[in-house]
Amino acid sequence: MRTRAADMFGLEFPIFAFSHCRDVVAAVSRAGGMGVLGALYFTPEELETELAWIDANVDGRPYGVDVVMPASYEGAEFAPEELVGRLQGMIPDGHRKFVDDLLARHGVAESDGAAGRVLLGWTDATARPQVEVALRHPIALLANALGPPPADVVEMAHAKGVKVAALASTPRHAVKQVEVGVDLVVAQGTEAGGHTGEISTMVLIPQVVDAVDVPVLAAGGIGDGRQVAAGLALGAEGVWTGSIWLTVEEADTPAAARDKILAATSRDTVRSRSWTGKPARLLKNKWTDAWEAADSPGTLPMPLQFMLVSDALRRIGRSDAKELATFPAGQIIGTMNDVKPARQVVFDLVEGYIEAMDRLRAISDR
């Protein structure tokens, strides 16, 4: 699999693995791919600790960091020091009551008053400190999960010799990202877990490949070597994977969510705004259903929705109300039925790719 994306980072396999778990990131990089740590849930201090651990456990192999710097969100005009307070004041009381009533119906205990992380890295102001931490480490890639990264952030990364990637769900988005200087575009189809658009992976990849001149990574529902081969056949130069790492041995996925993923079919996910306010593919359950019901007040724009539900999600995770426990996951979960080491998953992808290519050669040689 000698592609521009592989050569750019000196990878044995152009397989990129997004995960919030440092153990998964390090394991994939050591296996010849590239692990990419999702920084969203970490404070800058915590991110420093995570990256220092990866530095010490990746055996000198390249790895990346993924941040969330949305191009548009509520409160972008507020100063950083007043951001949380001003945003909290924008959440309607009716929405707060809806969440409280939903939890009460399912027996979830009232809030214990613990200070939750209501904002995380959903804004430019809160993501920039994460970028600063990341660029103090020997990362090879900085990725932005929502739209084109700010041009000055791209310049900061390039000044450190760090390549920049961004996720795109339409060809138009991909062009905008290249205009700000990204080195790779991740073309992510609607099958993906987390934030995603409406175009399927099979349709999207060739459109993005034709629209830009930088290497494209295929993303969205990829968890099998045959899909790796398909992505490269469509013009991509590597694959970006996410959901398949949720159930590997090294993953820190909560047990309840892991068990649901292992038992789920590809029809058990839904695009919902109930997590962050932007469409994201989640496990479908009574939580996602409630936000689509007739009595729902509707979701709020990013980052207000997550600020509204963050404490509720924490309380659900600590309760027995598993019917409300949702989790970002893509449609590939229908084939995720076993727990394996991350290294084995990488090698399974490679072996499946080789077998697919051998079949195609046999067909073409007839």
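Student: Is Asp358 buried, partly exposed or exposed, and what is its relative accessibility?

Tutor: This is a predicted model, in which local features need pLDDT of at least 70, side-chain atom pairs count only at pLDDT 80 or more, and totals for chains, interfaces and linings use all residues. Residues are numbered from 1 along each chain as its sequence is written, and side-chain values use heavy atoms, with hydrogens and water left out. Buried means under 20% relative accessible area, exposed over 50%, and partly exposed in between (1.4 Å probe, protein chains only). Asp358, at 41% relative accessibility, counts as partly exposed.

Student: Which side chain does Asp358 meet in a salt bridge?

Tutor: Side chains of opposite charge can pair when their charged atoms come close. A salt bridge here is a side-chain nitrogen of Lys or Arg within 4 Å of a carboxyl oxygen of Asp or Glu. Asp358 meets Arg361 at 3.0 Å, N to O, and both lie in helix α14 (residues 342–364), three residues apart; helices are DSSP runs of H or I, at least four residues, and strands runs of E, at least two, numbered from the N terminus.

Student: In what order do the three strands of the open sheet stand?

Tutor: Strands of a sheet pair through backbone hydrogen bonds, either parallel or antiparallel. Here the order is β7-β11-β10, with antiparallel pairing, where a pair requires at least two DSSP bridges. β7 (194–195) and β10 (269–272) each have a single partner strand, so one side of each lacks a neighbour in the sheet. β10 and β11 (residues 280–283) pair over four bridges, with Thr269 opposite Leu283.
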